[in-house]
Amino acid sequence: MDCLKKTLLFLLSCTAILLSNNIVAATNVGLNYGLLGDNLPPPPQVINLYKSIGITKIRIFDPNVEVLNALRGHQDIGVTVGVKDQDLAALAASEEAAKGWFATNIEPYLTDVNITFITVGNEVIPGPLGPQVLPVVKSLTKLVDSRSLPISITTVVSMANLGESYPPSSGTFTPLAREQLTPVLKFLSEKSVPILVNMYPYFPYASDPVNIHLDYATFKTESVVVQDGPLGYSNMFDAMYDAFLWAMEKEGVKDLPLVVSETGWPSAGNGDLTTPLIASTYNGNFVKHIESGKGTPKRSNCSIDGYIFATFNENLKPAGTEQHFGLFEPADMKPVYKLF
């Protein structure tokens with residue numbers, strides 16, 4: 001009996017070691033998979049990288065055939081697929097054009113790729129292309145609803161839609177954003193589909209590093225820095241998030257889910273403001289914030305859903321910080337700094 005017990009204990013310990021060595025815990029944080037580089041690894045290798053670090057959701061900016069083919073059979077990875085900005089005008093012109101786009105770019109992958117979102121344009125509201133977003137969102141929503149497909153249709157916007165953001169309760173949209181974005185938000189609210197928003201504390205910090213403390217911008221302090229009525233803010237990310245919520249509420253849109261489609265910090269390109277240490281601090285603390293399940297002061301009971309920008313340093317993006325938001329170097333897929 002003693003021998004049997006010892007054998008069982010040995011087998012259990014071996015199993016535990018194998019599990020600890022081979023199973024990577026899934027993370028609630030997603031990654032943006034940009035392709036503006038001429039030295040990027042093949043998509044199958046990138047998908048393997050995602051699986052090795054526990055990534056279960058990614059965002060691609062257009063329906064790239066090589067990436068979507070590499071995702072076949074990987075149903076454990078949810079994929080957000082973007083409609084390219086330059087395609088919006090044609091798709092807004094008719095429902096038939098939207099159906100044609102879907103048939104070409106999404107239909108072939110429905111059986112073995114887990115497409116969860118289609119985003120109509122990236123940061124085109126507010127702007128010249130802004131009015132084209134809602135017709136395309138409506139056409140694609142009608143299509144997926146008619147087929148009972150579990151795909152949400154939305155758009156991606158930036159914080160440039162806010163005319164006021166400080167303190168967060170002062171959050172209001174610009175006049176053009178009110179004209180172009182508010183109808184989209186109301187439609188999404190009716191369908192209970194999230195709005196996707198790109199939020200980068202790096203940019204306001206980089207524009208005023210004297211008056212904005214680095215600890216506040218990178219989640220490094222727990223002390224209240226901004227007191228806004230009964231709500232206290234210890235990090236800029238939460239303040240930005242809540243400012244957008246306040247702006248939506250002032251347009252009559254309440255309780256609409258908000259997904260952070262991009263956030264991150266460059267590791268180079270702007271002197272001492274962009275180092276691997278600062279980038280790893282911001283992104284690491286963002287991951288902790290997401291994984292904690294805590295919300296923001298305004299939505300304290302709602303966990304945050306978010307994606308880091310980006311997977312790789314992309315050398316075909318504009319020179320400067322734009323080329324240094326990646327978590328991995330494309331040549332060898334080694335981490336720029338330790339995160340996952």
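On a 1 Å grid over the protein atoms alone, a pocket is an open set of points with protein on both sides within 12 Å along at least five of seven lines, and its lining residues have an atom within 4 Å of a point. Grid points are joined across faces, edges and corners, and a volume is the space filled by probe spheres set on the points. The model examined here is predicted; local features require pLDDT of at least 70 and side-chain atom pairs count only at pLDDT 80 or more, while totals for chains, interfaces and linings use all residues. Residues are numbered from 1 along each chain as its sequence is written, and side-chain values use heavy atoms, with hydrogens and water left out.

The largest pocket has a volume of about 630 Å³. Its lining comprises 29 residues, of which Phe61, Asn122, Glu262, Phe309 and Lys317 are the closest to the pocket centre. Helices (H or I, at least four residues) and strands (E, at least two) are DSSP runs, numbered from the N terminus. At least two lining residues of the largest pocket are supplied by each of strand 3 (78-83), strand 4 (115-122) and helix 8 (202-207). Strand 4 provides the largest share of this lining, three residues. By class, the lining consists of 12 nonpolar, eight polar and nine charged residues, where Ala, Val, Leu, Ile, Met, Phe, Trp, Tyr, Cys and Pro count as nonpolar, Asp, Glu, Lys and Arg as charged, and the others, Gly among them, as polar.

Accessibility is classed as buried under 20% relative accessible area, exposed over 50%, and partly exposed in between (1.4 Å probe, protein chains only). Contact denotes heavy atoms within 4.5 Å. Ser261 belongs to strand 11 (residues 258-263) and counts as buried because its relative accessibility is 0%. Residues up to four places away in sequence not being counted, Ser261 touches Asn32, Arg59, Val156, Leu196, Val197, Asn198 and Tyr307.

Ile55 is placed in the loop between helix 2 (43-52) and strand 2 (57-60). With a relative accessible area of 2%, Ile55 is likewise buried. Beyond four places in sequence, Ile55 touches Thr27, Val29, Leu31, Tyr50, Ile77 and Phe340. The C-alpha atoms of Ile55 and His324, 269 residues apart in sequence, lie 21 Å apart in space.

Thr172, in strand 7 (residues 172-173), counts as partly exposed because its relative accessibility is 27%. Under the same exclusion of residues up to four places away, Thr172 touches Asn161, Leu162, Gly163, Glu164, Ala247 and Lys250. A C-alpha separation of 8.7 Å is found between Thr172 and Glu251, which are 79 residues apart along the chain.

Note on methods:
On a 1 Å grid over the protein atoms alone, a cavity is a set of points where a 1.4 Å probe fits but cannot get out, and a pocket is an open set with protein on both sides within 12 Å along at least five of seven lines; lining residues have an atom within 4 Å of a point.
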